[in-house]
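I opened a new structure today and kept notes as I went. Here is what I looked up, entry by entry.

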Amino acid sequence: MLGTVDRQEIFRILEAVAEQNAQKVYEIVDQLAAFGPDYEALIDELLMVLHKMAVYQVVPEGVDNSMGDREKTAALASVLSQEQVQLCYQIALVGKRDLPLAPDPASGFEMTLLRMLTFSPEGEPGVGGDAAESQA
């Protein structure tokens, strides 16, 4: 269906963010753009996956497998710290709020992901930090 995106694509995006692989993030977003996605729905999916990851990190048995993604959730939750997951969640919330203010939804979505690549919890390597330097 036009506008909808498989949740596996959200996992691919978050895996690329966790790897600090901006090129891969951009390639995935570029591929998704061909399907004319609803960018607000994409951010909602991103938020749902990040929420599931946060729950898994605190109460693993609290995560259901109704979407068949418990293993992927667990794997990704083990790569990112609790602080990183919380920061990405907050960045996604702000991105959703700001989406109508962006010149277009695609660029607003991209900026949300770029923030995830750029910022990290204080004193913690990982999602952000040197992402821009590693791309130079």
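**Ground rules.** I call a residue buried under 20% relative accessible area, exposed over 50% and partly exposed in between, with a 1.4 Å probe and protein chains only. By that rule, buried residues make up 40% of the 136 residues in the chain. The model is predicted, so I take local features only at pLDDT of at least 70 and side-chain atom pairs only at pLDDT 80 or more, while totals for chains, interfaces and linings use all residues. Residues are numbered from 1 along each chain as its sequence is written, and side-chain values use heavy atoms, with hydrogens and water left out.

**Elements.** I counted seven helices and zero strands. Helices (H or I, at least four residues) and strands (E, at least two) are DSSP runs, numbered from the N terminus. I also checked contacts, meaning heavy atoms within 4.5 Å. Of those with a separation of 6 or more, 68% join residues 24 or more positions apart.

**α1 against α2.** I looked at helix α1 (residues 7-18) and helix α2 (residues 22-33). They pack at about 160°, with their axes 8 Å apart. Axes are lines fitted to C-alpha atoms, for helices over the stretch in contact, and angles run from 0 to 180 degrees between N-to-C directions. The two are therefore roughly antiparallel; that word needs an angle over 145 degrees, while under 35 is roughly parallel, 65 to 115 roughly perpendicular and the rest oblique. On the α1 side I noted Glu9, Arg12, Ile13, Ala16 and Val17, and on the α2 side Lys24, Val25, Ile28, Gln31 and Leu32.

**α1 against α3.** Next I took α1 with α3, whose axes come within 10 Å and cross at roughly 70°. These helices are therefore roughly perpendicular. Arg7, Ile10, Phe11 and Leu14 of α1 meet residues of α3, including Leu42, Glu45 and Leu46.

**Under cover.** Which residues of helix α4 (residues 70-79) are buried? I found Thr73, Ala74, Leu76 and Ala77. Their cover includes α1 and α3.

**Aromatic rings.** I searched the whole structure and got one aromatic pair. The ring centres of Tyr39 and Phe109 lie 5.6 Å apart with planes at 45°, so the pair is tilted. Rings of Phe, Tyr and Trp (its six-membered ring) pair if their centres lie within 6.5 Å; planes under 30 degrees apart are stacked, over 60 edge-to-face and the rest tilted. Tyr39 sits in helix α3 (residues 39-58) and Phe109 in helix α6 (residues 105-118), 70 residues apart.
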